[in-house]
Amino acid sequence: MKLTVFNGSPRGKESNTAILLEHFLNGFMETEGNSYELEYIVNNKDVGKLVEMFKDVGNVILAFPLYIDCMPGIVKSFIDNLKSLCGRQDNPTIGFMVQGGFPEAYHSRFVERYLEKLAKRLNCQYAGCIVKGGIEGIRVMPQFMTKKTFNYFYELGKIYGKSGKFDEELLKRLAKPEHLSALRRLFFRFASSIGMAHVYWNKQLKENNAFEERFDKPYMR
Ligand SMILES: Cc1cc2nc3c(=O)[nH]c(=O)nc-3n(C[C@H](O)[C@H](O)[C@H](O)COP(=O)(O)O)c2cc1C
């Protein structure tokens, strides 16, 4: 199987998306004869080239982080540029991978519904959507905490490499928790009330000189 993978994270090669894709693709390559091309949307000033890549292959995976319950702007722009391919015969089979920072998979179910609809509009066969929350910390987590998740991605890639589909049972197991338990919700409420839940993101805002602007509303007069 020939596959083209688009990594839609604005962090490009340094992204969590890249880490998860690496495990998925290791599994995918277990099947003899499989090959893939991996493209980073963020590095591409020429969207026309990305559209050509999409057009010319049998199988596509579009992977991106959940941003504000949806997708990064570069992914939206890429999708907008696929408009000319809507309804075309011979469009590729398409699968998606959405991962987010908040732990609940439910958070990504709305964009998942949109993605299935997008596949239909493009006249692409839909291979499914991998959804996983709680991913932001994976770069700093010890190996024992990430092993299970990485293994799921590897197994999903392996089955996809053989069948061209995501395994439904694995998708369900990987996505857990779909919703937080009452106890974890209580913990988050407590962590928010004492400011603990904001420590990590505030650090990111400061590193990007955006902390003072965090409550800005640029579209409001
Ligand atoms: C601007 C921005 C918006 C985000 N919005 C969400 C969100 O709505 N829900 C969520 O679960 N995570 C959200 N996140 C967290 C990212 O999805 C998460 O950190 C992801 O693992 C980043 O992946 P990447 O390294 O591949 O870009 C957001 C992050 C940023 C920077």
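The shell around the ligand divides into seven nonpolar, eight polar and three charged residues. Here Ala, Val, Leu, Ile, Met, Phe, Trp, Tyr, Cys and Pro count as nonpolar, Asp, Glu, Lys and Arg as charged, and the others, Gly among them, as polar. This is a predicted model: local features need pLDDT of at least 70, side-chain atom pairs count only at pLDDT 80 or more, and totals for chains, interfaces and linings use all residues. Residues are numbered from 1 along each chain as its sequence is written, and side-chain values use heavy atoms, without hydrogens and water.

**Ligand surroundings**
- Of the 18 residues around the ligand (a heavy atom within 4 Å), Ser9, Arg11, Thr17, Gln99 and Glu136 come nearest.

**Polar contacts (pairs of N or O atoms within 3.5 Å)**
- A backbone N or O atom of Ile68 lies 2.8 Å from a ligand nitrogen.
- For Gly101, a polar backbone atom is 3.0 Å from a nitrogen atom of the ligand.
- His107 uses its side chain: an N or O atom there is 3.1 Å from a ligand nitrogen.
- The protein buries 84% of the 650 Å² that the ligand exposes when taken alone (Shrake-Rupley method, 1.4 Å probe).

**Backbone features**
- Helices (H or I, at least four residues) and strands (E, at least two) are DSSP runs, numbered from the N terminus.
- Most residues other than glycine have a negative phi, and most peptide bonds are trans.
- Asn123, a residue other than glycine, has a positive phi near 65°.
- Asn123 lies in the loop between helix H4 (109-122) and strand E5 (126-132).
- The Lys176 to Pro177 peptide bond is cis, with omega near 5°.
- Pro177 lies in the loop between helix H6 (168-175) and H7.
- After H7 comes Gly195, with a positive phi near 85°.

Notes. Polar contact = N/O pair within 3.5 Å; in protein donor to acceptor, adjacent residues only side chain to side chain.
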